[in-house]
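Hi,

Here is the structure I said I'd pass on. Have a look, and my notes follow below it.

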Amino acid sequence: MKNVIFTYDTIQNNESGEACASILMDDDRAAEIKAAFSSKSLDGYLLRERANGFCWGCEHLRGRKYVDDSIKSVDLKEI
């Protein structure tokens with residue numbers, strides 16, 4: 001299992017900042033998601049959009065705004 005950690009931009013109180021969100025998943029799926037961020041395929045695009053949606057949801061639960069398409073990095077950590 002791996003933790004997939006997304007780092008991206010947020011806005012709170014009209015100030016820009018950086019945040020991260022993580023999700024635990026199987027090794028194969030984690031590798032697919034990381035690869036999607038360097039892919040130009042339709043499948044890669046769809047995975048990137050799902051990751052953007054995940055980050056958007058996390059930030060709204062935290063009371064902040066997610067900056068669309070601002071994922072800067074995707075890191076994998078072994079659990």
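On the surface, Met1, Leu24 and Ile79 make up a nonpolar patch with about 300 Å² of accessible area together. Accessible areas are Shrake-Rupley with a 1.4 Å probe, and for residues only the protein chains shown count as cover. Patch members have over 30% relative accessible area and no salt bridge (a Lys or Arg side-chain nitrogen within 4 Å of an Asp or Glu carboxyl oxygen); nonpolar side chains (Val, Leu, Ile, Met, Phe, Trp, Tyr) are joined within 5 Å, like charges within 9 Å.

This is a predicted model: local features need pLDDT of at least 70, side-chain atom pairs 80 or more, while totals for chains, interfaces and linings use all residues. Numbering starts from 1 along each chain as its sequence is written, and side-chain values use heavy atoms, without hydrogens or water.

Leu24 sits in strand β2 (residues 15-25) and is partly exposed at 46% relative accessible area (buried is under 20%, exposed over 50%, partly exposed in between). Strands (E, at least two residues) and helices (H or I, at least four) are DSSP runs numbered from the N terminus.

Helix α2 (residues 42-61) holds Glu59, which is buried at 0%. Beyond its neighbours within four places in sequence, Glu59 contacts (heavy atoms within 4.5 Å) Tyr8, Thr10, Ala19, Arg64, Lys65 and Tyr66.

Cheers

Key. Buried < 20%, exposed > 50% of the residue type's maximum accessible area, 1.4 Å probe, protein only.
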